[in-house]
Amino acid sequence: MARLLPVLPLRDTVIFPGMITRLQVQPPDAVAAVELHLSSRQPLLAVPLRAALDVPTPDDLYDVGCTAQVLKLVRLGDGTVRCLVEGIHRVRVHGMRPDPDAGLAAVGRVLHDLPGDPARLDLLSTQLREQLRGLVSDDKSHHQALVRIADLDMAPGRLADLAIGNLTLPWADKVELLGMTDVAERLEYALVAVTRERELRRLDQKVQQTVVQTMDKQQRDYFIREKIRGLQAELSEGKPGEDGGAWEDAAQLEQRVREAGIPEDHLEEVLREVRRLSRMHPDASEYSVARTWIDWLLSMPWKTVKEENADLRHAKQVLDEDHYGLVKVKDRILEHLAVRQLNPTGQSPVICFLGPPGVGKTSLGRSIARALGRDYQRVSLGGVKDEAEIRGHRRTYVGALPGRLIHALKRAGSRNPVIVLDEIDKIGRDYRGDPSSALLEVLDPEQNRAFSDHYLDVPFDLSQVLFLCTANLADPIPAALHDRLEIIEIPGYIQEEKLQIARQHLVPRQMQAHGLQEGLLEITDEAIVTLIERYTREAGVRNLDRELAAIHRKAARRVVEGDDSPQVVATLDDVRNLLGPPRHFPELAERADQPGIAIGLAWTAAGGDILFIEATRYPGNGKAVGLKLTGHLGDVMKESVEAALSLLRSRADSLGLTPADFQGWDFHLHVPAGAIPKDGPSAGVTMLTALTSLLTGRRVRHELAMTGEITLRGKVLPVGGIKEKVLAARRAGVQVVLLPRRNEGDLDDVPAQVRQELDIRLVDTVDEVLDLGLEPARSV
């Protein structure tokens, strides 16, 4: 059986037989091979690498090599070694395999030189020696070892090997020569290589002399640049910069520009810039600017369109997998797909998801992209104040770049991605321009077919992009921009929806994020409901996700600490132990237990909320009625209080009140949570009810909440945010809700289950509000 030899992979030098060279060996496996060679006295197999790798595999090395021996070795402190190595025989390598002692080991079959015509070999050897002496004579920078090789009397095969080993040749050529056994063929290649090297040196000297002669004293700083230009003149058919003498890279660049798909009416302009670029030197200041602009144009997906998956069943399945509920949103996407099937060239809509934080607006964009089979990109617009963030900077500015939309299209790699414009209601504006105005062209289907970025200065078709926007509030969106958006409201989730979202999405995601295998943690439905009611009070599920993450962290700690029972069961009683005392309480009965307190419903950016309004009175300083308002109220809300007090005084007789109940008294209305600004007309009925309860001594029903604007005629006018307000009432434990009758149509958006659980009363006048809202007068 053939003996396995330790393999020394070569990455910088090809060793030929008879060649002595210095090597620095760094990889641990290679050092181990050298050490095994020295200790076992068996030859070392030096094999060239196909690529520079520290830990190569058998497939990473060539199948030819050279047996070698280490003549001298110096061990360095960092574990590497320097050694003097001599090549012995060229070999054919086979049977290479990993070796525990040397990293790699293989069998080497010696390749013997093939005998040739002695006369021809002598002639080739003589010519090679002459060329070697001439090379050193022409250029003293070559090592004198070439002269010694030419003067020594050695076999023709060894002469060719040593000559090739000391020349600078391509790696693959040296490996090919290592595998040649025909001596005459090696001599011929060596002779051609040395002759070519002499010609290159002569040409270099000629170019250098030409440049020096045409240069004066002030041009010496540009010596290297002129040398390169002279070299171009010698190698090209024409003068540098002319059509016949353009760089090869410029020709390739021009071909890429023609194939990129740039619009025809702007193609010639880009080609002129490419030709101008070919006449510039790479060190010129304008070169990098022009080349960067061309590279951006080439990187844009001018004609790359990703095929859309128009299967309605697949889209519905993906949307249902990623999000629970949101029926309106899913129906709108399925309608879009149906239209695309009937009219593939139709315009894409611009949909804006409007709702409080944590309801899944941004993640919907990713799900829609997955359902359609398109690329997905997100562009955050929160806090953007510079118009150049949308349209890009003009190329005249230093460091100019395209806008965020062009960056998103480049990252997507297609011209029909789904792009989510996040937080569109938080765009700012200052002296640098108005980004919202720049978005008008982006989001208008009639204009975005030729969107012009200031940097590219070449129109790009955005009509196939599906733009999705997200916002918490509709009011901050400029009217012109709002007009281009199709608003889909996502007001929030009811308790049952949150429970299902936690079961289907949040808990599995937290289990995976915390490395908990199935069965290590079980959270009961009662525990999740407790988290929803007592530890979070929100329209979305973001805080619920945080609380679930806290439970999973504590469960992971118990598992790692090695408790007796690795399984953690989070029940209703365990939630308090894991998360501490509850943060929210059903406090309606306690807060509305005396006259002068009423419960209103308010709309906020985070969804609906309940609002306690407290009224009291005290003797004043004069006959005029004084009014004091606290709680960070806005102007509209203050006017609602004044209107309520005026309406109450005008109807004093019907309520059994006398002028003495008003004269000489000062009234104080307070809305708790004073750090939060509050405004709007919808608290009018609540203000009136609180004042009436204070003056009549009749308590407001503690399980009842209301909303509506009032007039001085006693009418109750409709208000907005009905769905959010009704959901807030349900979350707070309210049982009866008073709404303006003209808001009856808005109840269609309220889930049927919520409508069944709540007693929703519709009113037209304040008399109905007071009859339903106040408890009967107590008999004395």
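User: Which residues does Val-64 touch, leaving out those up to four places away in sequence?
Analyst: Val-64 touches Val-47, Pro-48, Val-91, Arg-92, Val-93, Val-175, Leu-178 and Gly-179, not counting residues up to four places away in sequence. Touching, or contact, means heavy atoms within 4.5 Å. This is a predicted model, where local features need pLDDT of at least 70, side-chain atom pairs count only at pLDDT 80 or more, and totals for chains, interfaces and linings use all residues. Numbering starts from 1 along each chain as its sequence is written, and side-chain values use heavy atoms, with hydrogens and water left out.

User: Is Val-64 buried or exposed?
Analyst: Val-64 is buried, at a relative accessible area of 4%. Buried means under 20% relative accessible area, exposed over 50%, and partly exposed in between (1.4 Å probe, protein chains only).

User: And which strand is Val-64 in?
Analyst: Val-64 is found in β4, residues 64-75. Strands (E, at least two residues) and helices (H or I, at least four) are DSSP runs, numbered from the N terminus.

User: New topic: what's the strand order in the open sheet of five strands?
Analyst: The order is β8-β9-β10-β7-β11, with parallel pairing. Two strands pair if DSSP finds at least two bridges between them. β8 (376-380) and β11 (486-489) stand at the edges with a single partner strand each, so one side of each has no neighbour in the sheet.

User: How many bridges link β7 and β10?
Analyst: Five, in the parallel sense. Leu-354 has Ala-471 in β10 as its bridge partner.

User: Which strands does α16 lie across?
Analyst: α16 lies across β7, β9 and β10, and runs at about 145° to β10. Axes are lines fitted to C-alpha atoms, for helices over the stretch in contact, and angles run from 0 to 180 degrees between N-to-C directions.

User: What about the largest nonpolar core, which members touch the most others?
Analyst: Leu-421, Ile-424, Leu-443 and Phe-467, out of 53 residues. Such a core is a set of buried Ala, Val, Leu, Ile, Met, Phe, Trp, Tyr and Cys residues joined through side-chain atoms within 4.5 Å. The largest share of this core, seven residues, comes from α10.

User: What does Ile-424 touch?
Analyst: Beyond residues up to four places away in sequence, its contacts include Cys-352, Leu-381, Leu-443 and Ala-471.

User: Last one: what's the mean pLDDT of the chain?
Analyst: It's 84, and 91% of the residues reach 70 or more. pLDDT is the predictor's confidence in each residue, from 0 to 100. Over residues 236-248 the pLDDT is below 50.
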